[in-house]
Amino acid sequence: QTHLLSLSLQAKMSRPVQARRLEGIDKNIWVEFVKLAATYSTVNLGQGFPDFPPPDFLKEAFVRALSGENHMLHQYTRAFGHPPLVKILAQFFGKLLGRDLDPMTNVMVTVGAYQALFCCFQAFVDDGDEVIIIEPFFDCYEPMVKMAGGMPVFVPLRPKAPKDGKLMSSADWQLDPAELASKFSDRTKAIVLNSPNNPLGKVFSRGELEVIADLCVKYDVLCISDEVYEWLVYDGKEHIRIASLQGMWDRTVIIGSAGKTFSATGWKVGWTVGPNRLLQHLCTVHQNSVYHCATAAQEAVAQGFQRELKLYGKPESYFVQLPKELQQKRDWLVQSLDAVGMKPIIPEGTYFLVADISEFKSDVPDVPDSDEPYDSRFAKWMVKNKGLAAIPLSAFYCGAHKNNYNHFIRFCFAKEEATLKAANDILQKWKREKTNP
Amino acid sequence: VEFTKVAADPSIVNLGQGLPDISPPSYVKEELAKVAAVDRLNQYTRGFGHPSLVKALSQVYERVCGRKIDPLTDILVTVGAYGSLFSTIQALIEEGDEVIIIEPFYDCYEPMVKMAGAKPVFIPLRNKNDGNSASSADWVLDPAELANKFNSKTKAIILNTPHNPIGKVFTREELQVIADLCIKHDTLCISDEVYEWLVYKGNKHIKIATLPGMWERTITIGSAGKTYSVTGWKLGWSIGPQNLIKHLQVVHQNTLYTCPTPLQEALAQAFGIDYKRMDDPDCYFYSLSRELESKRDRMAQLLQEAGLKPVIPDGGYFMIVDVSTLNVDLSDVDDKQPYDYKFVKWMITSKKLSAIPLSAFCGPETKRQFEKYIRFCFIKKDSTLDAAEVILKNWNKQTA
């Protein structure tokens with residue numbers, strides 16, 4: 001009887017139950033690809049997380065926080081950030097930016113950098129505002145802009161052909177300054193910058209940042225600067241913070257991540273740094289959505305940063321050791337891929353690299369008029385048939401541009417040596433099967 | 001935010017903000033310490049909820065609700081119940097919708113509804129004994145008044161039982177009145193049940209989702225913080241039918257994606273321990289409630305002896321108190337503020353005791369109705385209550 005009742009009532013409901021702000025943002029590539037990797041992969045170089053543990057000093061700090069005398073670390077802390085954490089972040093980033101930062105007004109802690117991004121879009125983007133997103137982009141930017149009622153405007157990094165015989169570098173993917181300028185208008189509210197860039201690994205140079213900064217100043221545009229991979233830069237490159245450029249501090253929100261900084265993605269501790277005139281609005285969103293972040297992890301991250309501040313620039317610093325280790329892993333994976341004919345684009349930063357799979361196209365025939373981009377079909381076939389998980393580059397492009405660069409896949413190399421060796425074995429075997437079918 | 005700053009002073013006995021100063025059960029702390037040592041538990045887990053946790057939640061709630069709950073489609077794990085409220089409202093509430101909020105209300109309901117572009121429609125709990133209220137059960141909704149608040153624009157009603165701040169535990173009959181209106185007007189019910197285990201003798205917590213016709217239109221929200229006295233873990237959950245939960249999951253994947261892994265795993269372990277003893281009085285769900293009942297009774301007695309009129313709660317860990325009997329004259333203080341705000345500020349400065357003014361939990365029209373009440377939190381360790389006792393026993397000596 002109840003069933004019939006609800007059926008008839010459902011017939012009455014002429015409008016959908018969900019809110020309109022969910023329109024067009026319900027699909028999520030990770031839900032699908034994480035499931036595929038969990039089901040089929042023997043070697044998972046897909047989703048971006050390390051398969052090695054966080055450093056001992058961090059784990060110890062966490063255990064200390066949990067089992068210590070002070071059980072109040074199991075209760076709410078300050079909503080905008082646990083005091084020891086915001087203090088050390090203000091100190092640390094103040095030093096890096098050459099500024100005096102107030103922990104109470106220039107720093108806000110979030111549930112991962114992901115929630116920091118959400119707060120930025122909710123705080124700053126209004127109906128009809130345009131937000132410039134550089135392609136390829138971390139996929140959440142687009143739905144977050146849309147959910148806030150904004151309009152994403154895309155501008156691509158374009159690859160320049162590498163010199164003969166050399167492998168391409170992420171530095172070869174560049175914005176066309178004129179094309180970039182054409183995307184700015186009086187409707188532009190913000191630009192999202194991600195450097196080092198996921199998925200390409202590009203580390204924007206000072207010159208490139210200056211082009212962006214000039215346009216931000218000229219059009220009075222905000223800069224949401226996603227710098228989660230700030231410590232993962234290779235070959236002696238420098239990560240330059242756009243907020244340190246002329247005219248930029250006042251219009252930039254810098255986003256960081258303990259997950260990426262300390263190889264503890266599951267802790268979901270992130271932060272924003274910026275001027276109070278911008279951060280106060282992030283606080284408003286935060287207090288109306290999540291309010292507090294978990295205390296114990298914040299305490300541990302604070303201790304992690306305290307250690308790093310003491311060791312800053314020294315060889316024992318985790319921020320020196322981690323990129324050193326990862327550079328080596330990068331080089332191994334580059335070698336593995338190159339040896340079998342997948343053409344890697346050497347990343348200047350992050351723990352991702354993108355490889356051109358054109359030579360392997362024969363394994364996965366083209367399907368004309370397919371809705372699904374080629375690289376996505378390829379990646380799915382690869383995980384099911386070779387047990388190797390990677391993410392198609394088209395995942396990082398907007399719907400209209402998904403077929404522009406559809407023969408690349410992204411690998412994560414923040415993996416134990418054993419994992420990278422296993423990946424190499426799969427690739428070698430695959431290559432052998434191709435040459436001797 | 002306003003009041004937590006004022007009471008951060010350690011010389012003040014803080015009975016304001018709702019956070020326990022008692023220790024969580026030791027096995028809960030131990031589980032988390034164990035988990036921290038497992039490498040892969042420091043990395044991302046499943047976005048909509050760590051597999052072992054959603055499984056544990058489905059087991060516990062299947063038992064409580066007497067119905068099958070699919071861990072993958074009927075549950076979303078969020079950053080505290082706060083995050084569940086946010087995800088639910090963002091997912092299901094549209095611009096122009098109306099959402100009924102029962103006053104007094106947990107203060108975030110109103111701004112969250114507004115942030116979704118909807119209009120909050122308030123209805124107050126009214127003291128049926130007119131002035132003489134000894135129990136939270138005295139505070140009731142007027143069914144005719146409630147029915148009047150429903151119309152074709154009403155998208156949802158937010159129910160909070162056990163209720164913060166009054167501590168009311170809605171009876172089956174009261175829930176039926178609400179359910180009938182939800183079904184009649186095809187309205188959703190957002191049921192904030194974070195204090196579900198904290199019900200005192202003679203009372204039973206009933207889930208409105210278990211009433212006929214309600215499962216398909218209700219999101220039930222729970223909290224690890226309140227269940228296990230670990231508010232700083234910030235883990236909560238939404239449980240409901242797939243066709244509603246799926247929209248909450250979309251919001252979640254576009255706001256913070258995953259919740260922390262080690263905390264979820266530890267919580268799953270803790271739930272595993274208590275699930276096994278749900279027939280045993282030692283189960284933490286019941287033992288905490290017994291512990292709190294004696295604190296409630298002690299608090300009530302102290303307040304009465306000091307000449308205040310507490311409203312004894314049937315559930316939750318808050319108690320509201322009528323302070324008008326003390327006749328503290330605050331007319332010379334800024335009179336744009338409601339009396340209870342002024343009273344609390346005065347009490348903090350002159351008595352070193354903090355509480356939360358009840359008008360913080362009211363819409364603009366009802367603030368005056370509740371301004372003689374303040375809210376105390378009693379999930380505090382004995383030494384805190386001892387310190388409160390000293391203040392309350394000396395109260396009259398100083399004011400005399």
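**Close-up views of a predicted two-chain model**

**Figure 1. A salt bridge between two loops of chain A.** The side chains of A:Glu348 and A:Lys237 form a salt bridge, 3.0 Å from N to O (a side-chain nitrogen of Lys or Arg within 4 Å of a carboxyl oxygen of Asp or Glu). A:Glu348 belongs to the loop between strand S11 (343–345) and strand S12 (352–356) of chain A, and A:Lys237 to the loop between strand S8 (222–226) and strand S9 (252–257) of chain A, so the pair ties together parts that are 111 residues apart in sequence. Helices (H or I, at least four residues) and strands (E, at least two) are DSSP runs, numbered from the N terminus. A:Glu348 is buried, at 6% relative accessible area, whereas A:Lys237 is partly exposed, at 39%. Buried means under 20% relative accessible area, exposed over 50%, and partly exposed in between, with a 1.4 Å probe and protein chains only. The structure is a predicted model, in which local features need pLDDT of at least 70 and side-chain atom pairs count only at pLDDT 80 or more, while totals for chains, interfaces and linings use all residues. Residues are numbered from 1 along each chain as its sequence is written, chains are lettered from A and ligands numbered from 1 in the order in which they are written, and side-chain values use heavy atoms, with hydrogens and water left out.

**Figure 2. Further salt bridges within each chain.** Over all chains, 45 salt bridges are found in the whole structure. A:Asp363 and A:Lys434 meet through their side chains at 3.2 Å, N to O. This pair links distant parts of the chain, 71 residues apart: A:Asp363 is in the loop between S12 and helix H13 (374–386) of chain A, and A:Lys434 is in helix H14 (residues 417–435) of chain A. A:Asp363 is partly exposed at 24% relative accessibility, and A:Lys434 is partly exposed at 27%. In chain B, a salt bridge of 4.0 Å, N to O, joins the side chains of B:Lys201 and B:Glu293. B:Lys201 lies in the loop between strand S8 (188–192) and strand S9 (218–223) of chain B and B:Glu293 in helix H11 of chain B, so this pair ties together parts that are 92 residues apart in sequence. B:Lys201 is exposed, at 72% relative accessibility, whereas B:Glu293 is buried, at 11%. Salt bridges with shared partners also connect B:Arg298, B:Glu305, B:Asp386, B:Glu389 and B:Lys393 in one network.

Figure 3. Four strands in the order S11-S12-S15-S14 (chain B) make up an open sheet with antiparallel pairing (strands pair if DSSP finds at least two bridges between them). Strand S11 (309–311) and strand S14 (356–357) of chain B are the edge strands, each pairing on one side only. S14(B) is joined to strand S15 (residues 373–377) of chain B by 2 bridges, with B:Ile356 opposite B:Arg375. Helix H11 (residues 284–305) of chain B packs on the sheet, touching S11, strand S12 (318–322) and S15 of chain B, and its direction makes about 15° with that of S12(B). Helix H12 (residues 339–351) of chain B also packs on the sheet, touching S14 and S15 of chain B, at about 50° to the direction of S15(B). Axes are lines fitted to C-alpha atoms, for helices over the stretch in contact, and angles run from 0 to 180 degrees between N-to-C directions. Contact means heavy atoms within 4.5 Å.

**Figure 4. Strand S15 of chain B, covered on both faces.** S12(B) and S15(B) run antiparallel and are joined by 5 bridges; B:Asp322 has B:Tyr373 as its bridge partner in S15(B). In S15(B), 5 of the 5 residues are buried, so the strand is largely enclosed by the rest of the structure. B:Tyr373, B:Arg375 and B:Cys377 are buried on one side, and B:Ile374 and B:Phe376 on the other.

Figure 5. A:Phe62, in helix H3 (residues 56–67) of chain A, is buried at 2% relative accessible area. Beyond its neighbours within four places in sequence, A:Phe62 contacts residues including A:Trp267, A:Ala296, B:Leu32 and B:Ala36. B:Ala36, in helix H2 (residues 26–36) of chain B, is likewise buried, at 2%. Leaving out residues up to four places away in sequence, B:Ala36 touches A:Lys59, A:Phe62, A:Val63 and B:Asn42.
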